[in-house]
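Student: I'm new to this one. Could you walk me through how to read it?

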Amino acid sequence: MEVLTSRLILRPTDLMRSQHFYRDVLGLAIYREFGPPDSPGIVFFLGTALLEVSGTSTAPPPANLTIWLQVRDAAAEHARLAKAEVDVVAPPRREPWGLIEMTIQDPDGTRLILVQVPDDHPLRRDQR
């Protein structure tokens with residue numbers, strides 16, 4: 001299989017609330033909007049990936065789904081998101097594998113891990 005592009009698709013319980021969270025609270029940039037003006041789908045940039053928030057569902061998010069987002073400064077994001085009353089499940093901390101990680105939840109309980117790669121981490125070094 002040759003994959004040309006991909007995206008994650010979320011079907012939230014409340015479309016407008018979730019779009020507000022990803023667009024206005026997290027501040028993700030919009031790749032495109034589509035569908036009817038009263039309930040459009042929105043596709044957001046996630047660095048090199050895409051996240052579509054469209055439609056609705058009554059099902060809870062799967063417990064085995066986590067969205068991983070690399071950020072420049074986890075402490076700054078923690079302060080900003082806590083002030084915005086985002087559900088912070090775990091504040092930033094250096095994990096045994098050397099990354100600084102924090103966990104938040106979207107309005108439906110989908111977990112997002114925000115990851116900062118410290119300057120001294122092997123991922124920062126050229127491995128060639």
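Tutor: Helices (H or I, at least four residues) and strands (E, at least two) are DSSP runs, numbered from the N terminus. What you see is a predicted model, where local features need pLDDT of at least 70, side-chain atom pairs count only at pLDDT 80 or more, and totals for chains, interfaces and linings use all residues. Residues are numbered from 1 along each chain as its sequence is written, and side-chain values use heavy atoms, leaving out hydrogens and water.

Student: In which sense do β6 and β7 pair?

Tutor: In general, strands of a sheet pair through backbone hydrogen bonds, either parallel or antiparallel. Here β6 and β7 (residues 100-105) are antiparallel, over five bridges. For instance, A90 has T103 in β7 as its bridge partner.

Student: In what order do the four strands of the open sheet come?

Tutor: The order is β5-β8-β7-β6, with mixed pairing. β5 (66-70) and β6 (87-94) are at the edges with a single partner strand each, so one side of each has no neighbour in the sheet.

Student: Which strands does helix α2 lie across?

Tutor: For this, contact means heavy atoms within 4.5 Å. Axes are lines fitted to C-alpha atoms, for helices over the stretch in contact, and angles run from 0 to 180 degrees between N-to-C directions. Helix α2 (residues 74-83) lies across β6, β7 and β8 (111-116), at about 160 degrees to β6.

Student: What follows α2?

Tutor: E85 does, with a positive phi near 65 degrees.

Methods. Pairing = 2+ DSSP bridges.
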